[in-house]
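Open the structure in your viewer and keep the selection tool ready. We will go one stop at a time.

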Amino acid sequence: MLFFSLFKTLVGKEVTVELKNDLCISGALHSVDQYLNIKLTNTRVHNEQKYPHMMSVRNCFIRGSVVRYVHLPPGAVDVEVLHDATRREARGG
Amino acid sequence: MAARLLTAARRLDIDTQPELNESREPVLDADDEEELRSKCADVELVMGDDLSGGPGVLHLTTRRVVWVSSSPGGPCLALRYPQIVMHAISSDPSAYARPCLYLQLDEGDGDVIMGGMAGGGAAAGANGDAGAGGEDEEEEGEGEEEEGSAEVRLVPTDATQVGDLFKVLCDCAALNPDSEVEGEGDFFFDEAEVMAGLDPSTRAAVIAERLEGGMDLGEGEDGGEDLQELMGDDPGRFEDEDDEEGGEGEEEEGEEGAGQAS
């Protein structure tokens, strides 16, 4: 649940979601649920030439299980706190 | 057009023969607690760039997205939510004439190829052990490069419906998480990373424990002695049978024997 909690703190911030099919979408994080389904608003697609139809998309719902990475805004993450939290989680705390 | 649409749909593992009742509405699976959440007439379905199924009726249930052509005997397609990688509202007239729902589907290829590679690797390993050739390599590198074909647009005649349909899709997608629980189990932490995260005294304790364990293991698994013991009353016990091809080298045989003994 660590990442769910983390993402909840990032609602409203600009993130980039990289999907397992290589689609890369930036946008404001609108909401996230326990399955890490992600809703973005004001989206922008990075590989437009591959998905030209995505150009007209401004908000979307991404299935949590297809997300490869979420690029976080550096300014919105306290790396030390996150590092500690992941350690605790890794230790099974 | 319909035939091409159905072919494209089947390639994406879309159900092209969902059960319909006499009024061409999808039969809901009560056992799976399937409920109809939204029904919208006059929705055109387009796959890829231009593969249109013509006008139809869109049913959003808690388990599936079912589109049924308005023409009698026309195609119908049923998508399960896990197939839908993402969905969105498309509303820029420069990209597509009318506002619509844009769905991107799982092409399935990624997983298949990954599976193939993993299988191939394991097979190669097995063959390596056996020292045998003759592996039948399945060249699955065809990788159909029809990018973008895993796209479906649902275009309601009444453009004001798009927002509501999007919302219902979001809600229903959230009701259908992948059955395979991904997440925590998938995170492998590098051992060094975990160790680095421990404070020095704990780390020392873990190392000491591990060393001790290692020594226990060493004592317990003294294969040589076990082998001697087992061979004691029957020295020929681990010899090759006469009719075997043999000639594998005695060391290997010894190891095998020890393996079985321990």
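Start in chain B. Select Ile89(B) and Leu101(B): Ile89(B) stands opposite Leu101(B), which belongs to β6(B). Keep in mind as you look that this is a predicted model.

**Stop 1: the strand pair in chain B**

Now select β5(B) and β6(B) whole. The two strands run antiparallel, and six bridges join them. Next, show everything around β5(B). Is this strand enclosed or open? Seven of its seven residues are buried, so β5(B) is largely enclosed by the rest of the structure.

**Stop 2: across to chain A**

Pick out individual partners. Select Cys60(A), and you will find Ala88(B) as its bridge partner in β5(B). Then select Phe61(A), whose bridge partner in β5(B) is His87(B).

**Stop 3: the whole interface**

Zoom out and select both sides of the contact. On chain B, 32 residues are in contact with 29 residues of chain A. How much area do the chains bury between them? About 2600 Å², with 57% of it on carbon and sulfur atoms.

Now look for polar links. There are 10 residue pairs in polar contact between chain B and chain A, counting pairs with both residues at pLDDT 80 or more. Colour the chain B side by element. Those that give two or more residues to the side touching chain A are β5 (84–90), β6 (100–105), β7 (151–156) and α3 (161–174) of chain B. The largest share, seven residues, comes from β5(B).

**Stop 4: the salt bridge**

How many salt bridges cross the interface of chain B and chain A? The rule finds one. Select Arg63(A) and Asp178(B) to see it. Their closest N and O atoms are 2.6 Å apart.

**Stop 5: a helix in chain A**

Finish in chain A. Select helix α1, residues 2–9. Which of its residues are buried? They are Leu2(A), Phe4(A), Leu6(A) and Phe7(A). Now show what lies over them. The cover includes β2 (24–32), β5 (67–71) and α2 (79–90) of chain A.

Note on methods: Residues are numbered from 1 along each chain as its sequence is written. Chains are lettered from A and ligands numbered from 1 in the order in which they are written. This is a predicted model: local features need pLDDT of at least 70, side-chain atom pairs count only at pLDDT 80 or more; totals for chains, interfaces and linings use all residues. Side-chain values use heavy atoms; hydrogens and water are left out. Contact means heavy atoms within 4.5 Å. Buried area is the accessible area (1.4 Å probe) that two parts lose on being put together, summed over both. A salt bridge is a side-chain nitrogen of Lys or Arg within 4 Å of a carboxyl oxygen of Asp or Glu. A polar contact is a pair of N or O atoms within 3.5 Å; within protein, one must be able to donate a hydrogen and the other to accept it, and residues adjacent in sequence count only if both atoms are side-chain atoms. Helices (H or I, at least four residues) and strands (E, at least two) are DSSP runs, numbered from the N terminus. Two strands pair if DSSP finds at least two bridges between them. Buried means under 20% relative accessible area, exposed over 50%, partly exposed in between (1.4 Å probe, protein chains only).
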